[in-house]
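Hi,

Here is the structure I said I would pass on. Have a look at the sequence and the model, and then read on for my notes.

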Amino acid sequence: MVAPLTLHVALLFEFPALNGGEHSMLSVLQQLAVDSTIRFTAIAPTHGPLADRLKRLHIPLVPFTVRSSTGVKRDITDLTVELQTIVATLRPNILHANSLSMSRLVAQCQEKMVPAYCTGPIRDIMKISARMIGDLNRLRSIAVVSKTAKDFHEAQGLHSGLSKVIYNGVDTDRFCKRSRAHARNALLPQLPKTAQVLLNVGQICLRKGQLDLAQAVVQLLRDRNDVYLVLVGERHSGKVESIAYEQAIADEFTAFGRTNHLLRIGYSDNVEQWMNSADLLVHTARQEPLGRVLLEAAASQLPTIATNLGGTPEILEHEQSGILVPPGDVKALVSCMHAALAKPSRGQAYATSAVEHIRQIFTVRQACHALRGFWQNANSPVLS
């Protein structure tokens, strides 16, 4: 019996940090890296959390940085020439960009990427230019994170036969229900045992809506003194408006005299423990193609309130597996948090329903199977 040929996939990363896109790919790599029919090479920055994780997974890394040492984006011509040289040396079957920006870079020079077929992801729901759509349409295939995102971008002109929905997968061994008391004692020993912990996980930025949540929690504190907001995540943007946005979140609690009710954790590599320690996940995003944190909370059986937009309804059904509220509606958010804290048994029933849905559609095993098939199909002479 002839052994199957090994598929060589080169993965192009833009950022050295670990955000949603990097975590999604790493969760799959952790499983697929031991598959004898597929091997990976990373093309990525050599310093930072991403490089550290790739090293632990024993995935070879070829240096490539989009920005100079001063943080300035390098000239597109220089990037193109360097990338073409790397691909000519590696000779992978597939060159997969792991961000929209890198997908566009690959598309612009894919004719010279012989022998690699070029693929990439779409993880956002946002208006993009006709020129960018034209570039993306030159790729071999595109993995889209949700049905909602697929429909949105096809309405903008993305070729319908080009994209395939591949959901993120969550590791249900890592993210699962554990003792809340144990996690609370380990992470938040300073809080009263009666504390109600609201958790938000994500990059601190306008599109994640943490200021809406801060305003809602402060209103909640007018009626009860046992609520604490834990923010896990950090601000990456150095723009003035981003710095001001982060400060405005803290200012809400300062102005009300409850600074100790806001706990800023920053980046954390043990998000699963924070899920176990909380009473409620509150996800207030104003743009969300498919929230990875919602999958993690559902797998952890953590009751969830989330904004009703983008791909979120593909994960949670209102008043069946979670509570969905309109984005930016602080008043509705306050009302839902009041109700959830008043009747925790209802939230636990929703959480039980949510984890069943996750196990049917959103496991990392299913994501691995889908992505392997996506790359194998892209490597075929005729796309199916």
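**Salt bridges and a pocket**

Arginine 292 and glutamate 296 are four residues apart in helix H11, so about one helical turn separates them. (Helices are DSSP runs of H or I with at least four residues, strands are runs of E with at least two, and both are numbered from the N terminus.) The side chains of arginine 292 and glutamate 296 meet in a salt bridge, 3.4 Å from N to O, where a salt bridge means a side-chain nitrogen of Lys or Arg within 4 Å of a carboxyl oxygen of Asp or Glu. Both residues, arginine 292 and glutamate 296, are buried (under 20% relative accessible area; exposed is over 50% and partly exposed in between, with a 1.4 Å probe and protein chains only).

Before I go on: this is a predicted model, in which local features need pLDDT of at least 70 and side-chain atom pairs count only at pLDDT 80 or more, while totals for chains, interfaces and linings use all residues. Residues are numbered from 1 along each chain as its sequence is written, and side-chain values use heavy atoms, with hydrogens and water left out.

The salt bridge count comes to 15. One of them joins lysine 208 and glutamate 288 at 3.2 Å, N to O. Lysine 208 sits in the loop between strand E8 (196-201) and helix H8 (210-221), and glutamate 288 in the loop between strand E11 (280-283) and helix H11 (292-299), so the pair ties together parts 80 residues apart in sequence. Lysine 208 and glutamate 288 are both buried.

Glutamate 246 also pairs with arginine 264, with the closest N and O atoms 3.1 Å apart. This pair links distant parts of the chain, helix H9 (residues 240-255) and strand E10 (residues 262-266), the two residues being 18 apart. Glutamate 246 counts as buried at 17% relative accessibility, whereas arginine 264 is partly exposed at 37%.

Now for the second largest pocket, which has a volume of about 200 Å³. (A pocket is an open set of points on a 1 Å grid over the protein atoms alone, where a 1.4 Å probe fits, with protein on both sides within 12 Å along at least five of seven lines; lining residues have an atom within 4 Å of a point.) Of its 17 lining residues, Ile323, Cys336, Ala340, Arg346 and Tyr350 are the closest to the centre. Helix H13 gives the largest share of the lining, four residues.

Best wishes

Definitions and conventions:
Grid points are joined across faces, edges and corners, and a volume is the space filled by probe spheres set on the points.
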